[in-house]
Amino acid sequence: MIEARHLRVLRAVAAAGSFSAAARSLGCTQPAVSQQMKALEASAGTPLLIRTGREMRLTQAGEALVRHASGILAGLTAAEEEIAAIAGLRAGRVRLVSFPSGSSTLVPTALAALRAAHPGTRVSLVEAEPPRSVEMLRGGDCDVALAFRYDGGEAEWDDLVVRPLLTDRLVGLVPEGHRLAASATVTVADLAEEPWIAGCPRCRRQLVEVCEKAGFTPRIDFATDDYPAVIGLVGAGLGVAVLPELALESVRPKGARTVTVVPAVEREIVALTLPDLAQVPAVSATLDRLALAAAR
C-alpha cells in the first residue's frame, strides 16, 4: 500500500534533486528519506528513482507517481479537514499565498474577520506573485492563492475553483512637478517619451502590451517587484509608472501624483483553490471572508 507520507517525501526528492536536499526541506535526516523511498519502491513494485552520483532522476513510474501525488495529498487533506469539522472539533488549517498588494489590503481584513468568527482556525501566509502562487497551489504547498489576471485570461485555471473578488484599475503615477500632474485624465500615449518604472514581471508584461497597443515601446529604466520602491522612484522624478489602485491603498505616494489613465486598464483579483479543498470548511470560510473584504 502506498502511504501519504511516502508520497510527500517522493515529491520533495523530485523537487530538490537529492536525498540530502529533500531531507533539509522536510526537516529530517537523509537516512530517513532513503528508508522511506525504499519502502515506497517496495510498495510500488518498481524503481521510482535512478541514482546518478549525488543526484536523483525519476523513472517513468516515478514521474507518473509524482504527477498524481499532489491531487492525492490534496484529497487526503480535504478529507481530514472535513471529517474534523463534522466531528465538531471546530478546528482547521489554511495555508494562504498572496501577492504583496493583496497581503497589505485584502488579507488583513479577511483574516481578522475569520479569526473572530472561527478562533480555532489557523491561517499561515506567504507571499508570491502569479504564476508562482498558482504553481504552489497545484503542488500542494498552499490551500488558497490570491492572484490576479488581465483581460479575463488564464484559461489554464480551468481546473481550479476561481472566486472573483474585485476589479482593480491601473492608475498613472507621475512626479509632482510633471507636466501632466494636474491633468484629470491621461492616455498611455501621452507618456510615450517618458522613462518608465515597471513592477512585477506579469505587470511589466502587461505594461509593454498596453504601450505597444498605443503605438510605442516603453523605455523601462527601472524594474522592481516592490511597489513602495516604484512610488519612491517616481516621487524622486526618475520616471513614470502605472500601478494597480490596490497597491496605492496602503502606501502614501510622497512626491508623486496619481492620474486617471484612459482607456481603462484593469486586472481581476481572484482567490483560487482546488476543487477538493473548496469543500473544506476552513478553506470555504477563508474564501468567503476574502470576498467580504473585497466588497468593502
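Modeller: The buried residues of helix H2 are Phe19, Ala21, Ala22 and Ala23, where buried means under 20% relative accessible area, exposed means over 50% and partly exposed lies in between, with a 1.4 Å probe and protein chains only. Helices (H or I, at least four residues) and strands (E, at least two) are DSSP runs, numbered from the N terminus. The model is a predicted one, in which local features need pLDDT of at least 70 and side-chain atom pairs count only at pLDDT 80 or more, while totals for chains, interfaces and linings use all residues. Residues are numbered from 1 along each chain as its sequence is written, and side-chain values use heavy atoms, with hydrogens and water left out.

What do the buried residues of H2 pack against? They pack against H1, H3, strand S1 (49-52) and S2, a contact being heavy atoms within 4.5 Å. After H2 comes glycine 27, with a positive phi near 75°.

Two packed helices are described by the angle between their axes and the distance between the axes. For H2 (residues 19-26) and H3 (residues 30-44), the axes come within 8 Å and cross at roughly 105°. These axes are lines fitted to C-alpha atoms, for helices over the stretch in contact, and the angles run from 0 to 180 degrees between N-to-C directions. H2 is therefore roughly perpendicular to H3; that label covers 65 to 115 degrees, whereas angles under 35 count as roughly parallel, over 145 as roughly antiparallel and the rest as oblique. On the H2 side the contact is made by Phe19, Ser20, Ala23 and Leu26, and on the H3 side by Gln30, Val33, Ser34 and Met37.

H3 itself has 15 residues and reaches 21 Å from its first C-alpha to its last, close to the 21 Å expected at 1.5 Å a residue. The expected span is 1.5 Å times one less than the number of residues. Buried in H3 are Val33, Ser34, Gln36, Met37, Leu40 and Glu41. Seen down the axis of H3, these residues fall within an arc of 165°, so they line one face of the helix; the arc is that of the directions from the helix axis to the C-beta atoms. Pro31, Gln35, Lys38 and Ala42 are exposed on the other side of H3. Glycine 45 follows H3, and its phi is positive, near 75°.

Leaving aside neighbours within four places in sequence, histidine 6 is in contact with Gln36, Met37, Ala39 and Leu40. Strand S2 (residues 55-58) contains glutamate 55, which is exposed at 54% relative accessible area. With neighbours within four places in sequence left aside, glutamate 55 is in contact with Gly17 and Ile50. Its C-alpha atom is separated by 36 Å from that of arginine 204, which is 149 residues away along the chain.

For comparison, take helix H8 (residues 201-213). Its 13 residues should span 18 Å at 1.5 Å a residue, and its end C-alpha atoms are 19 Å apart, which agrees. The buried residues of H8 are Arg202, Cys203, Gln206, Leu207, Val210 and Cys211. They cover an arc of only 165° around the axis, which puts them on the same side of H8. Among the elements that cover them are strand S5 (144-150), strand S9 (219-223) and helix H9 (227-235). Just after H8, glycine 215 takes a positive phi of about 100°.

As for the whole, the protein has 11 helices and 12 strands, and its C-alpha trace spans about 70 × 50 × 30 Å along the principal axes. Of its 296 residues, 46% count as buried. Among contacts with a separation of 6 or more, 71% are between residues 24 or more positions apart.
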